[in-house]
Amino acid sequence: MASIQLSGLTKFYGKRRGVEEVSLEVGDQEFLTVFGPAGAGKTTTLNLIAGIVTPDRGSIRIGDKIVDALEPADRNVAMVFESYALYPQFTVYQNMAFPLRSPKHRLPAAEVDQRVRHFATMLKIDHLLDRQIQALSNGQRQRTALGRALVRRPDVFLMDEPLSHLDAKLRHSMRAELKEMRGQLGTTTIYVTHDYLEAMSLGDRVAVINQGRILQVGTPGEVYFRPATVEVAQLFGDPEINLIEAKIRNRQSTSVRVEALGEDWSFSITPEIGSALDKLPGDNVQLGFRPADVTVGVNGNSSLHGVVYSFEPLGTKSVLTIDSVAGQRVRALVDGHKTFQVDRRIEFTVPSVSLIFFDPESTRYLVRSTRTEGDD
Amino acid sequence: MIQSRSPLAKIGKGLQILLLLAYAVFALFPLLWMFIMSIKPDSQMLTTTFIFTPTLENYATVLHSDYMQFFFNNLIVSVAAVLVSLVVGVPAAYALARFQFKGKEDIAFTILSFRFAPEILVILPLYLIYQRLGLYDTYFGLIWVYQLITLPLLIWILRGFFEDISPDIEAAAQLDGYTWWQVFLRVLLPLVKPGLVAAGLLCFIFAWNSFTFPLLLSNNVQTSTVIALRYLASDTVHYGQVAAAAAISALPEVILALLIQKHLVRGLSFGAVKG
Amino acid sequence: MAELILKALTKVYAQAQLPAVDQLNLAVRDGEFIALLGPSGCGKSTTLRMVAGLESVTSGEIRIGNKLVNGLHPKDRGVGLAFENYALYPPLKVRDNLAFNLRAHGLAAKEINRRVDEIARTLQIQELLDLKPVGLSSGQKQRVNMARAMVRRPSVLLLDEPLSHLDARLRVELRTEIKRLHAEQRFTTVIVTHDQLEAMALADRIAVMNEGVLQQFDTPLEVFNHPANEFVAGFLGEPPMNIFRSVVADAGRLVIPDTDFTLPVTPAVQKLVGSRKELKLGIRPWGIRVSQTQTTGSVPGVVTVVEDLGDETRVGVRYGEVLIMSSIPVTRRYRPGLSVFLSFNEEDLNLFDSTTGERLSDGSYAPAPVTNDTAQKSKVQAPVTR
């Protein structure tokens, strides 16, 4: 059990930036997901904590110990690798027992056996203990890798995309199981993933990272509903968030009229949005809204108009791509029971509580109505 | 359609067996020929092919001469050469596979290039150097010069094996609480074992069969390959004795190959360490 | 443009125990967009390659526009194939890549230019025409790849996993483009994909394959809402369908072992169940209602998993070995450890035979041999009840 503190971690591979100035605090027993696209520096961060890679600058503290000078074996962290990194010459049992037979963590044979069997049962691989690694499916390998990390009872768990090589169905069920297991383990965990659903589902907090830099650290709700930058907003959600430029034409205390998507659009605002808009140097503001928040209407009350560019049913939901008056395309996620003909004229709007305001210059988050997050 | 294919498949299978058989005869015939020659008396050597009075006289002659001493010379030099290569080559192969450093590919290529020049081309300078340094006609000198033959082979085969092992496995074992040396001995070495065995055997064969180096760089410390020359006497060629000596000389290789056949197949087909 | 008909198409590889494609019957209408969907190794790519003429046919027929093309050289079949790995000619500029096939067919230079410009406009790659493939991004390469397949105006357009190497953003973007393009151009199109969302979004009808055998061929919504068997049910949908073993208890009740779930067997369900004692019961996560108040027929349980995913919340309730996942509108009310009540509607149930995995049907449905006119089939697969 331990907290982790990274301060100013920097690592370059030659000219290529692995991570730069990564500072992060993970509380005791916290589950932190590190989320970002491929090549963002996620794995580098884990490798730095594990001691597999040495940083150019910066420092790592685990518990109350600075571990910068310690060998991987002395940091008491356990890691689950994306490639699983199982020992191919051993059986499942031998793989799981391997850490407990090491000089560092050696236990009496009886206890090794007891622990291996305990975690194998928990991971539902107790019937596979005598199997060779080659004879295992991907899902079973993944469980074995997890088991090898669990038996140690380390201070810290590091998990590098452990679910990414599983098929969709297995990934969903493993995600749920991992989530259930968390309660029983209570170990500080850093979990790396490129899947935003995994990041949001598993993490107490999410650290969003791209191009070696941390963009935002926050609860899943914070990063999803109040993204620190446009870039963060774009990384969460499928389809991606809609981003439009708006020019403020007229602002009253409780409403605002903007020109956006080639149309006049008025909507109500809260005082906090008002004061945030007042701080803007110009009239321009960037608006973000998720496809699921677009309401497609037919009653003539909606403010925005367009033509159906494309309609893609996905089962319970469908993606509707709308050509707005200005030509810019807007995506809407609509109920799966409705169908829309291509080229049909429609109207749509976005509830003002769903709008995220960004500074068009810095692309930083400005404000969003507090009345959100689904309670409506 | 499956039924209609099956006679065709049978013919294909038959053809396959026939071809393999033909190749086996082609490959084994010289060995058979050598064996036949070794049990033929000199008088019948050139007169008959398969009809002769078998005799062990050739073997007796060879074994009663000092041939066996040279046989053991060869054994000492070859085994030692392989051992030295293993000690030097395994870490070198690991380093070339794992670490990124300046001139890495150049070094690897240089090592490989030791095998490019024909031995006869470099033997003259080597001879002079060996004379000067007092390495001429010593075990040590031969073992050293054999590294030119064995080291490149070993390094290049093992490098491929080390490259096949994911660095993650090493990192995992270190995190599991082992020091680097323990990781190397307990995790990596078992994984490259097939390659180690195959490369070791090939090195041994090449060292054992080496001819130019021992011929010109030694005098008393001769090896069995060189000493076979003596049967080419000025007046006559003792084919029977040559064959008997060759048969004895081939024995260690054959025995070794049979003992480690299992590893050899795995080792030479590579990629045996996929997790 | 033409229709594409596969009749008992079979491919058996030498050495293989099982056929890679087994007696596949498919009829693609003129101008229709169909998807071959399945996990890797299900035979979908082999099928596509047989249609393209890159793979020999063991038995069966391929007809394009009512012409048997089994023996024809790939170039004479009138098909355009966009390869998964792009397979652009690296030394040639994009323009020459596009013109390559037209030149091979001996078209006049003027006509070639006209067609290349036209297709470049359609796929929005005009500004790339004078570049070489090596400098293009993967999204651009895929557009060029598709343009090359379309520029020859094929009777049938074949797309082999066109989106699988693109990042998420580009994938969604190009998916929309392909959909739009098809709405405009109405090429008869076959796409091969392992991504169910891609298949659902793009195709008029989806052919789900597994281990070389066609599982179901129907419209996306039909395949999604009325899967023909357990495999299809499990393969489509994210999160996946909950599938439980259930037994028919004495008093006309259906029980899910390890849980307290019991369902009264209505006459409609009874008709489907017949004399079975055991069956598989499938229900999509969206079909399960989670509530904190008890209603008739609802079953108590304890929440063990809560996933807040922004646009939706997923709640898992565990009963011994069984974890029931439900997907509900965004709410922050649920926390692990909370006592809740689960319920679902009978019409959301999918019933499957416990041994064959086939969807239970009420006898009015017989698995008709797939003929040239498969249209009838989409109507036959009756929902469980009603």
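Reader: Which residues in α8(B) meet which ones in α11(B)?

Author: Keep in mind that this is a predicted model. On the α8(B) side you have B:L201, B:F204, B:I205 and B:W208, and they meet B:P252, B:E253, B:L256 and B:A257 of α11(B).

Reader: What classes of residue does that contact have?

Author: Seven nonpolar residues and one charged, with no polar ones.

Reader: And at what angle do the axes of α8 and α11 of chain B cross?

Author: Roughly 175°, and the axes come within 11 Å. The helices cover residues 180-209 for α8 and 239-259 for α11 in chain B. Angles over 145 degrees count as roughly antiparallel, so α8(B) is roughly antiparallel to α11(B).

Reader: OK, cores next. How many residues does the largest nonpolar core have, and which have the most contacts inside it?

Author: That core has 250 residues. Those with the most contacts inside it are A:M79, A:L158, B:L158, C:A35, C:A147, C:V190 and C:A207.

Reader: What gives the largest share of this core?

Author: That's α8(B) again, with 14 residues.

Reader: Let's zoom in on B:L158. What does it touch?

Author: Leaving out residues up to four places away in sequence, B:L158 touches B:G89, B:V90, B:A93, B:V192, B:G195, B:L196 and B:A199. There is also another core apart from the largest one, with 13 residues, including B:I227, B:V242, B:A243 and B:A245.

Reader: Switching to interfaces. How many residues of chain A and chain C are in contact?

Author: 34 from chain A and 35 from chain C. On the chain A side, α5 (168-185), α6 (196-202), α7 (220-225), β16 (304-313) and β17 (317-324) each supply at least two residues.

Reader: Which element gives the most to that side of chain A?

Author: α5(A), with seven residues. By class, the side of chain A that touches chain C divides into 14 nonpolar, ten polar and ten charged residues.

Reader: And between chains B and A, how many residues does each give to the contact?

Author: Chain B gives 17 and chain A gives 21. On the chain B side, α7 (167-175) and α8 each supply at least two residues, and α7(B) gives the most, with six. The classes there are nine nonpolar, five polar and three charged.

Reader: Now the sheet in chain A. In what order do the six strands run?

Author: The order is β13-β12-β11-β14-β20-β21, in an open sheet with antiparallel pairing. At the edges are β13 (263-268) and β21 (365-368) of chain A, each pairing on one side only. The twist averages 40° from one strand to the next.

Reader: How many bridges pair β20 with β21 in chain A?

Author: Three, in the antiparallel sense, with β20 spanning residues 356-358 of chain A. A:F358 stands opposite A:Y365 in β21(A).

Reader: Which strands of chain A does helix α9 lie across?

Author: Helix α9 (residues 271-278) of chain A lies across β11 (242-251), β14 (284-289), β20 and β21, and runs at about 155° to β21(A).

Reader: Last topic, chain C. How many helices and strands?

Author: Ten helices and 20 strands. Chain C has 386 residues, of which 43% count as buried, and its C-alpha atoms fill a box of roughly 80 × 45 × 40 Å along the principal axes.

Notes. Residues are numbered from 1 along each chain as its sequence is written. Chains are lettered from A and ligands numbered from 1 in the order in which they are written. This is a predicted model: local features need pLDDT of at least 70, side-chain atom pairs count only at pLDDT 80 or more; totals for chains, interfaces and linings use all residues. Two residues are in contact if their C-beta atoms, placed from the backbone, lie within 7 Å. Helices (H or I, at least four residues) and strands (E, at least two) are DSSP runs, numbered from the N terminus. Ala, Val, Leu, Ile, Met, Phe, Trp, Tyr, Cys and Pro count as nonpolar, Asp, Glu, Lys and Arg as charged, and the others, Gly among them, as polar. Axes are lines fitted to C-alpha atoms, for helices over the stretch in contact, and angles run from 0 to 180 degrees between N-to-C directions. Angles under 35 degrees count as roughly parallel, over 145 as roughly antiparallel, 65 to 115 as roughly perpendicular and the rest as oblique. Two strands pair if DSSP finds at least two bridges between them. A nonpolar core is a set of buried Ala, Val, Leu, Ile, Met, Phe, Trp, Tyr and Cys residues joined through C-beta atoms within 7 Å. A residue is buried if 20 or more other C-beta atoms lie within 10 Å of its own, exposed if 12 or fewer, and partly exposed in between; C-beta atoms are placed from the backbone.
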